[in-house]
Amino acid sequence: MLSLCLVFAGLAHLLPSPWWLELFTHFISIYALGSVALVVFYFWRKQVNRFFISLTYFIITLSSIAPYVLPSSIVRTRTNQTEITVIFSNTHYSSVSIEALAHLIWQRQPSFVFLAELRESQFAELRSQLPEYSGNIVPGGPDPWVHAISYLSLTELGEVSEEVVRFDNMSPGLVVTSEALPDLQLQALHIFPPRSKRTVDLRDLALRNIAGYASNEENLVVVGDLNITPFSPPFNKLLEVGGLTDARVGSGPFGTWPTNLPIFTTIPIDHALWKGAWEVCKLERGPDVGSDHFPLVIKLCYNASEEKT
């Protein structure tokens, strides 16, 4: 089974179709754990041929996850201490705990919070528990996969500008800026999941348009549920064309979905990407707030480093 999964994952890097091949790339970290278990098992059983086959599988998967597991080669010397916290959470409306979500926000005191899938009534309830925040919600659409997206910002930041973007012509995203935070452009997104050829085509259209948008921007931070993992060819293309840096590099390929499985079987489909003046200087997986996704807690640093390779 592991052999077949790795073959399909490899073919996804070579063939644009069928659409389902790309799904096998999402579970590379799980394949790595499986191959480790097989290496240990076959070593213990002294089955030499199968041991070396399993070791080969491990080396193949390790080559994909190594950039995320190994420390970054970039050395940063702090020269400016301007930092803010941002939270992104896909808050599935059917299960999320507004109380747990409000507690997380109260505890971390982020400057911005971006929430996907929250209903208007839930958003109103959340705002009532957090009087120090203002914000807005953009409703979804008639398509069952087009969900609402909303944001909160600390009122002490003053006026915040917002723009609605639709990179697949359907799913709403938000671009938020604040005069109090120069050069900061925050983009929050939730795009189609890879459930069928139609939804994969729409997701990939969004990824191409996000990359095009990013390529024309000097400063940009992208947060959101992109419904893709770092091991997928379209994700790598997004980084390449958009000139974006994946905040998980050097931090570990920790998963964010689903929350109802053991933590080592979750996959990383919620992301924080950046370019320009604001960098992601720390990325954490937040606590379970009742949704099917774990939140991302993101620390942003403004002009906070001089990079030396």
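A salt bridge here is a side-chain nitrogen of Lys or Arg within 4 Å of a carboxyl oxygen of Asp or Glu. The model is predicted: local features need pLDDT of at least 70, side-chain atom pairs count only at pLDDT 80 or more, and totals for chains, interfaces and linings use all residues. Residues are numbered from 1 along each chain as its sequence is written, and side-chain values use heavy atoms, with hydrogens and water left out.

**View 1. Asp143 and Arg198 form a salt bridge.** Their closest N and O atoms are 3.0 Å apart. The pair links distant parts of the chain, 55 residues apart. Asp143 sits in the loop between strand 4 and strand 5, and Arg198 in helix 6 (residues 197-215). Helices (H or I, at least four residues) and strands (E, at least two) are DSSP runs, numbered from the N terminus. Asp143 is buried, at 12% relative accessibility. Arg198 is partly exposed, at 42%. Buried means under 20% relative accessible area, exposed over 50%, and partly exposed in between (1.4 Å probe, protein chains only).

**View 2. Glu83 meets Lys299 in a salt bridge.** The N to O distance is 3.7 Å. Glu83 belongs to strand 2 (residues 83-90) and Lys299 to strand 13 (residues 296-302), so the pair ties together parts that are 216 residues apart in sequence. Glu83 is partly exposed, at 36%. Lys299 is also partly exposed, with a relative accessible area of 29%.

View 3. Asp201 is partly exposed, at 36% relative accessible area.

**View 4. Glu22, Arg203 and Asp204 are linked in a network of salt bridges.** A search of the whole structure finds six salt bridges.

View 5. Two strands pair if DSSP finds at least two bridges between them. Strand 3 (residues 112-116) and strand 5 (residues 149-154) run antiparallel, joined by five bridges. Leu115 has Ser150 in strand 5 as its bridge partner.
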